[in-house]
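Open the model in your viewer and keep the selection panel at hand. The stops below say what to select next and what is there.

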Amino acid sequence: MAKCDVCGNDYDKAFQLTMAGRTHTFDSFECAIHSLAPTCAHCGCRVIGHGAEAKGKLFCCAHCASQSGVRGLDDRV
Ligand SMILES: [Zn+2]
Ligand SMILES: [Zn+2]
């Protein structure tokens, strides 16, 4: 059985995710997002979708990017 990296829950349906060469074990997507999802550089929320990247920063949406002074960015789908 695998233990969740975040909450330590021992769960028989745990899954593993490999990101940047490191393998993580989670019991739920909630824990996976908590551990791995990047945060928006403007509003601080978790970026679960594709997000918008500009000038080396990641935003949850084009609106947040424009609020941070990034111009001409559209939502990437
Ligand atoms: Zn967990
Ligand atoms: Zn945002």
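## First stop: zinc ion (ligand 1)

Select the zinc ion (ligand 1): the angles among its four donor atoms are 94 to 123 degrees, and the site is tetrahedral. Four donors count as tetrahedral if all angles lie between 85 and 135 degrees. Donors are N, O and S atoms within 2.8 Å of the metal (3.2 Å for Na, K and Ca); water is not among the atoms, so sites may look incomplete. Show the side chains of C4 (SG), C7 (SG), D27 (OD) and C31 (SG), which coordinate this ion at 2.1 to 2.3 Å. Along the chain these donors follow the spacing C-x2-C-x19-D-x3-C.

This is a predicted model, in which local features need pLDDT of at least 70 and side-chain atom pairs count only at pLDDT 80 or more, while totals for chains, interfaces and linings use all residues. Residues are numbered from 1 along each chain as its sequence is written, chains are lettered from A and ligands numbered from 1 in the order in which they are written, and side-chain values use heavy atoms, with hydrogens and water left out.

Color by pLDDT, the predictor's confidence in each residue, from 0 to 100. The protein averages 91, and 95% of the residues score at least 70. Among the elements, β4 has the highest mean (96) and β5 the lowest (90). Helices (H or I, at least four residues) and strands (E, at least two) are DSSP runs, numbered from the N terminus.

D27 has a relative accessibility of 13% and counts as buried; C31 is buried at 11%. Buried means under 20% relative accessible area, exposed over 50%, and partly exposed in between (1.4 Å probe, protein chains only).

## Second stop: helix α1

C31 is also one of the buried residues of α1, with A32 and L36. These residues cover an arc of only 105 degrees around the axis, so they lie on the same side of α1. The arc is that of the directions from the helix axis to the C-beta atoms. Turn to the face away from this buried side to find the exposed residues E30 and H34. The buried residues pack against β3 and β4.

Two strands pair if DSSP finds at least two bridges between them. Two residues separate the strands of this hairpin, and A20 in the turn has a positive phi of about 50 degrees. M19 stands opposite R22 in β4.

Within β4 (residues 22-26), pick H24. Why does H24 count as buried? Its relative accessible area is 10%. Beyond its neighbours within four places in sequence, H24 is in contact (heavy atoms within 4.5 Å) with D5, F15, Q16, L17, M19 and L36.

C43, in the loop between α1 (29-36) and β5 (52-54), and C64, in helix α2 (residues 62-67), link distant parts of the chain, 21 residues apart. C43 is partly exposed at 43% relative accessibility, whereas C64 is buried at 5%.

Technical notes: Four donors count as tetrahedral if all angles lie between 85 and 135 degrees; four count as square planar and six as octahedral if opposite donors are over 155 degrees apart and all others between 65 and 115; anything else is irregular.
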